[in-house]
Amino acid sequence: MENTTISEFKKNWGTELASAFHVFNEYTLRLEESYNHLQNRVKEIDKEMAYTNACLKDKVQELDSLTKYSNNLLSSIHSGVIAVNLKGEISTINKAAEKILGLDSSYVMGKKIETIFKNSDGSAPLLLLALEKRKNCIDVERKIETIRGVLKWIESSVSLIRDAHENTIGAVEVFRDLSEIRELEMRLRNADKLAAIGAMAACIAHEIRNPLNGIEGFSALLARDFEDSDPRKKLVKNIIQGTKNLNKTVTELLVFARPLKLKSKDNSISEILDRTLFFVAEDIRQKGIHNIRIQKEYNLDNDIVRCDPEKLQQAFLNLCLNAIQSMTCGGDLTVFTRVLGGDYRNEDIQVGIKDTGVGIKKELVNKIFDPFFTTKQEGTGLGLAIVNKVIEAHNGKIFVESVEGSGTTFTINLPKNNIYDIDSFDDRYSLNEALIPQFLS
Ligand SMILES: Nc1ncnc2c1ncn2[C@@H]1O[C@H](COP(=O)(O)OP(=O)(O)OP(=O)(O)O)[C@@H](O)[C@H]1O
Ligand SMILES: [Mg+2]
């Protein structure tokens with residue numbers, strides 16, 4: 001009985017082992033199949049990923065070149081472009097905008113628009129108005145004040161920026177600088193005005209000069225007949241001084257009205273300034289002024305400029321006299337020269353005349369170059385108009401900076417190599433001969 005069971009068991013065991021092996025083999029096969037399938041899938045996924053990566057790389061490159069393209073586009077257009085988000089913070093600014101507003105993009109990104117420039121009449125920036133009213137605006141011309149306090153005329157259009165769902169997410173302003181055009185228009189108007197003044201001045205001056213010379217001559221004869229102690233001598237001297245002043249005004253008027261022709265040659269600007277300061281020092285000495293110091297700060301290695309030395313000297317002299325007249329309680333008159341950097345060509349130079357006088361009221365600064373504008377009882381108001389004319393004739397520019405109560409600085413930018421018309425100069429009313437002896441009298 002026992003033997004039968006063992007042999008049966010052995011027989012069964014053999015069968016079960018065989019079927020177990022069979023199952024095992026089957027599973028191994030399936031596993032192998034699955035493994036192969038998995039490997040194939042991995043390969044497919046690898047391929048898909050490589051393709052997706054290539055697509056992604058293409059897209060990144062496309063995006064990169066699109067960004068570069070729009071940046072180039074922004075930086076190559078001459079109009080200023082500024083974009084802000086809903087909070088009015090700057091998100092984009094192009095090169096032209098930086099140049100017009102005198103800014104640096106690294107400084108302005110993320111800053112509120114109203115901290116960068118404001119409308120000179122104090123109204124809210126156009127970008128903020130457009131955002132507030134959710135409305136575009138086109139060709140709005142206005143005067144703005146930059147962060148550096150420079151006034152500019154600009155013309156702007158503002159458009160709202162929307163996302164894919166048409167929600168407003170910011171606004172963009174495109175603007176151009178009209179300051180030069182407006183300045184030219186103003187100059188043209190002034191030129192017309194000046195031409196009319198010139199014609200009138202020439203007529204009046206000739207009518208006035210002859211009798212004036214007579215009055216001065218006869219007064220001088222009369223003065224000779226009176227003793228020094230005679231009080232009438234003082235009255236006659238007043239008449240002579242009055243005619244001299246009148247003569248000076250007429251001469252200035254003529255100088256101002258005449259077309260300016262320059263006699264130019266290469267001159268040392270320091271020497272012209274030295275000669276000017278000699279006259280200034282003499283004027284101060286004659287007037288018994290002791291509390292004005294004259295300082296020279298010449299910073300040019302090569303100070304040779306092609307210019308008309310007499311006319312420049314007269315311009316510098318007018319500026320220095322104004323400076324002296326503004327320092328009634330004494331102070332410093334500083335005359336400086338330096339090479340111009342920045343936007344200007346390297347060979348151009350700058351001359352500055354700086355005082356620590358009473359300064360000019362902000363609302364009057366724009367008027368001081370107008371002919372006949374004066375705040376002085378004895379002034380003709382032609383001094384700066386003549387300066388302006390002389391500097392313009394040299395293709396230069398004059399700027400003024402003044403702080404009321406602290407002082408004024410006039411700076412003159414002069415190109416070094418000008419080409420002028422050197423013939424047909426009429427010396428009859430040469431600035432030097434006509435004006436310098438009179439101011440010293
Ligand atoms: N350095 C200065 N400091 C303060 N005010 C100045 C200065 N220079 C010019 N001004 C102002 O500008 C005005 C015009 O100057 P401008 O030289 O043209 O005429 P003026 O000095 O009044 O008369 P003049 O014809 O005798 O020179 C002056 O009256 C004065 O108010
Ligand atoms: Mg003056």
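Angles under 35 degrees count as roughly parallel, over 145 as roughly antiparallel, 65 to 115 as roughly perpendicular and the rest as oblique. This is a predicted model, in which local features need pLDDT of at least 70 and side-chain atom pairs count only at pLDDT 80 or more, while totals for chains, interfaces and linings use all residues. Residues are numbered from 1 along each chain as its sequence is written, and chains are lettered from A and ligands numbered from 1 in the order in which they are written.

**Figure 1. Helix H6 against helix H9.** Helix H6 covers residues 231-257 and packs on H9 at an angle of about 30°, the two axes lying 10 Å apart. Axes are lines fitted to C-alpha atoms, for helices over the stretch in contact, and angles run from 0 to 180 degrees between N-to-C directions. H6 and H9 are therefore roughly parallel to each other. The crossing of H6 past H9 is left-handed (the near helix is turned anticlockwise from the far one by less than a right angle; clockwise is right-handed). On the H6 side the contact has Glu252, Val255 and Phe256, and on the H9 side Ala385, Ile386 and Lys389; contact requires C-beta atoms, placed from the backbone, within 7 Å. By class, four of these residues are nonpolar, none polar and two charged. Ala, Val, Leu, Ile, Met, Phe, Trp, Tyr, Cys and Pro count as nonpolar, Asp, Glu, Lys and Arg as charged, and the others, Gly among them, as polar.

**Figure 2. Helix H7 against helix H8.** H7 (residues 269-286) and H8 cross at roughly 40°, and their axes come within 9 Å. H7 and H8 are therefore oblique to each other, and their crossing is right-handed. H7 contributes Ile272, Leu273, Arg275, Thr276, Phe279, Val280 and Ile284 to the contact, and H8 contributes Pro309, Leu312, Gln313, Phe316, Leu317, Cys320 and Ile324. Eleven residues of this contact are nonpolar, two polar and one charged.

**Figure 3. The shell around ligand 1.** Ligand 1 is surrounded by 22 residues, the closest being Asn322, Ser326, Thr374, Gly379 and Gly383; a residue is near a molecule if its C-beta atom, placed from the backbone, lies within 6 Å of it. Helix H8 (309-326) and helix H9 (383-393) are the elements that give two or more residues to the shell. Helices (H or I, at least four residues) and strands (E, at least two) are DSSP runs, numbered from the N terminus. H8 supplies the largest share, four residues. The shell has twelve polar, eight nonpolar and two charged residues.

Methods: Two residues are in contact if their C-beta atoms, placed from the backbone, lie within 7 Å.
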